[in-house]
Amino acid sequence: MSAPAPTSQAAGGRPPAHAVDGGARLSVIGVLGELLILAGVLLGLFVLWQLFYTDIQGERAQQEVVDSLEWVDSDVVAGVSADASNGPETIPDDLKYLDVDPPVMDYPDFTETFATMMVPRWGEDYVKPVSEGVTRADVLDPLGIGHYPGTALPGEIGNFAISGHRTTYGKPFNAVADLQVGDSLIIQTEDAWFVYHVESWEIVQPTQVEVIAPTPNEPGVAPTERSITMTTCHPMFSAAERWVVHGAFDYWAPTGHGVPEELVEVPA
Amino acid sequence: MISTLIWNALPGPALVRVLILLVVIAAVVFALFEYVFPWVSEALNVQETTVEET
């Protein structure tokens, strides 16, 4: 590390040169230059950290969370293949429930990971943890997808509302713009599978909380449907707006009888 | 120059000084990555994904 930005008087900054005038002299411009270089290095480090380091760290942390859930089938994590002859058992039709309430689960504690999310459109090995809470420091940055406190749990009547990063921190909702109407959104908890499909999406202001109302976009209206809503940032790398995806419920099924057939279907 | 002051303040031969600097830089980068940058990122509010009342 040689001294940067030589001034007009001091030729270079090598220590031997300074031994002559009896120690280093501080020149205002020289120190200012050093501070500016330091600021540049810090900014560069911050960008590297935000764009790459948080992503690597987040991806690894979320993978570890999924691996630590003993009710998650390792085949699902590794990516169930579309090879139907060889693939996993799929849930029979008589175990799919649409109008019956799913098994009651205890409302999860803050930061508790209570579900996993799979989206075939985003790859057969896409399995991300869903944890309670939507604060960045506790949930969204370290754990990935967060569940808005107070909104419905998976399969309940109301709106199961979740949020996740679209860029950085493992970017669970990175490819949100690729989703098409009808794409499956699959949630698994310890007791049940829940299959939803994408119905619509919209771009809203960050303050439009009505998108996660029990009846989406109709705050105050008692819910009759079992919906899902995903929110993430828009445009990418910005916080100006939010990309919001609304989905409708297909069915739920108890775990232990195979995987939903939607999971092994490859979206067109 | 600050960099000259630091260099002269370090003890030992050049190799030892370089090693000390590397360790210090690594520690500073670690502190930045683990504590300072997460705080800055949250304070800057450019990565928000949630809808909320203001």
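Predicted model: local features only at pLDDT ≥ 70, side-chain atom pairs only at ≥ 80, totals over all residues.
Read from the N terminus, the elements of chain A follow the order α-α-α-β-β-α-β-β-β-β-β-β-α.

Chain A has 268 residues, of which 37% are buried. Among the contacts in chain A that have a separation of 6 or more, 60% are made by residues 24 or more positions apart.

## The surroundings of Trp201(A)

Trp201(A) lies in strand S6 of chain A, which covers residues 192–204. Because 17 C-beta neighbours fall inside 10 Å, Trp201(A) counts as partly exposed, given that a residue is buried only if 20 or more other C-beta atoms lie within 10 Å of its own, and exposed if 12 or fewer do.

When neighbours within four places in sequence are left aside, the contacts of Trp201(A) are Leu179(A), Trp243(A), Val244(A), Val245(A) and His246(A). Phe249(A) is 48 residues away from Trp201(A) along the chain, and the C-alpha atoms of these two residues are separated by 15 Å.

## The interface between chains A and B

Between the two chains, 26 residues of chain B are in contact with 36 residues of chain A. On the side of chain B that touches chain A, the elements giving two or more residues are helix H1 (2–9) and helix H2 (14–44) of chain B, and H2(B) provides the largest share, with nine residues.

Sorted by class, this side of chain B comprises 13 nonpolar, nine polar and four charged residues.

Terms used. Residues numbered from 1 in each chain as written. Chains lettered and ligands numbered in written order. Contact = placed C-beta atoms within 7 Å. Helix = DSSP H or I, 4+ residues; strand = E, 2+ residues; numbered from the N terminus. Nonpolar A, V, L, I, M, F, W, Y, C, P; charged D, E, K, R; others polar.
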